[in-house]
Amino acid sequence: MSFKELKKNHCEQGNLLDEEQWKNLIAHLISRGRERALYLLDRAECTEKQIRDKLVAGFYPAIVIDAVIAYLKEYNMINDFRYACHYIDFKRTKKSKRQIQQDLFMKGISKDTIQQAFEETEFTNDDSIYKILEKRIGRYDLEDFNDRRKLYQYLLGKGYSYSEVEQAIRTIEKGE
């Protein structure tokens, strides 16, 4: 709150707030918290954790943050399952399942929700490994042991299993 708003609500250092002033202050903060959250959601879809972190960074009290999150959930403005499904669909040709799981977990989505989203979207690593191989295969001579090893290491580092990498490279070699 700005100093002007604090003074308007008779909030000065050393003064105790009566119950009505406290309720007005919390109502005002909830209103501002909602506006902030809606602004964030207008720019991009967010997870509950992302909204919560932004409000904490804005020094909103926990009671206000909980009220804002409840409001957003009531109107289905934040939904971690929906976010996870959209994220998986968007990244399915660029990242492995492990990378997507890691990204979603870092965004505050639970492992159960992530697993449900993968089941809902019917994700397979085949979607992305072949796309990545198509881009990178020209850089490597698969007959050369060192180049082949580098390609394997690159794909393993991206979160694919050894068997997936081996199968994909064999399929690409047979197709050439």
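Predicted model: local features only at pLDDT ≥ 70, side-chain atom pairs only at ≥ 80, totals over all residues.
The structure holds 11 salt bridges. In one of them, Glu-45 pairs with Arg-82, with the closest N and O atoms 3.2 Å apart. This pair links distant parts of the chain, 37 residues apart: Glu-45 is in the loop between α2 (19–43) and α3 (48–57), and Arg-82 is in helix α5 (residues 80–91). Glu-45 is partly exposed at 31% relative accessibility, and Arg-82 is partly exposed at 24%.

A salt bridge also forms between Asp-127 and Arg-92, whose closest N and O atoms are 3.0 Å apart. Because Asp-127 lies in helix α8 and Arg-92 in the loop between α5 and α6, the pair ties together parts 35 residues apart in sequence. Asp-127 is partly exposed, at 29% relative accessibility, whereas Arg-92 is buried, at 17%. Salt bridges that share partners join Glu-48, Arg-52, Asp-66 and Lys-73 into one network. Within helix α3, Arg-52 and Glu-48 are four residues apart, about one turn of the helix, and their side chains meet at 3.1 Å, N to O. Arg-52 is partly exposed, with 26% relative accessibility, while Glu-48 is buried, with 18%.

In helix α6 (residues 97–106), the buried residues are Gln-99, Ile-100 and Leu-104. Viewed down the axis of α6, these residues fall within an arc of 130° and so line one face of the helix. The face turned away from the buried side of α6 carries the exposed residues Arg-98 and Met-106.

On the surface, Lys-94, Lys-131, Lys-135 and Arg-139 gather in a patch of positive charge. Arg-139 is placed in the loop between α8 (126–136) and α9 (145–157) and counts as exposed because its relative accessibility is 56%, the cut-off being over 50%.

Definitions and conventions. Residues numbered from 1 in each chain as written. Heavy atoms only, no water. Patch = residues over 30% accessible without salt bridge, like charges linked within 9 Å, V, L, I, M, F, W, Y side chains within 5 Å. Areas by Shrake-Rupley, 256 points an atom, 1.4 Å probe, with all protein chains shown as cover. Salt bridge = Lys/Arg side-chain N within 4 Å of Asp/Glu carboxyl O. Lys, Arg positive; Asp, Glu negative; His and termini not counted. Charge placed at Lys NZ, Arg CZ, Asp CG, Glu CD. Helix = DSSP H or I, 4+ residues; strand = E, 2+ residues; numbered from the N terminus. Buried < 20%, exposed > 50% of the residue type's maximum accessible area, 1.4 Å probe, protein only. Arc of directions from axis to C-beta.
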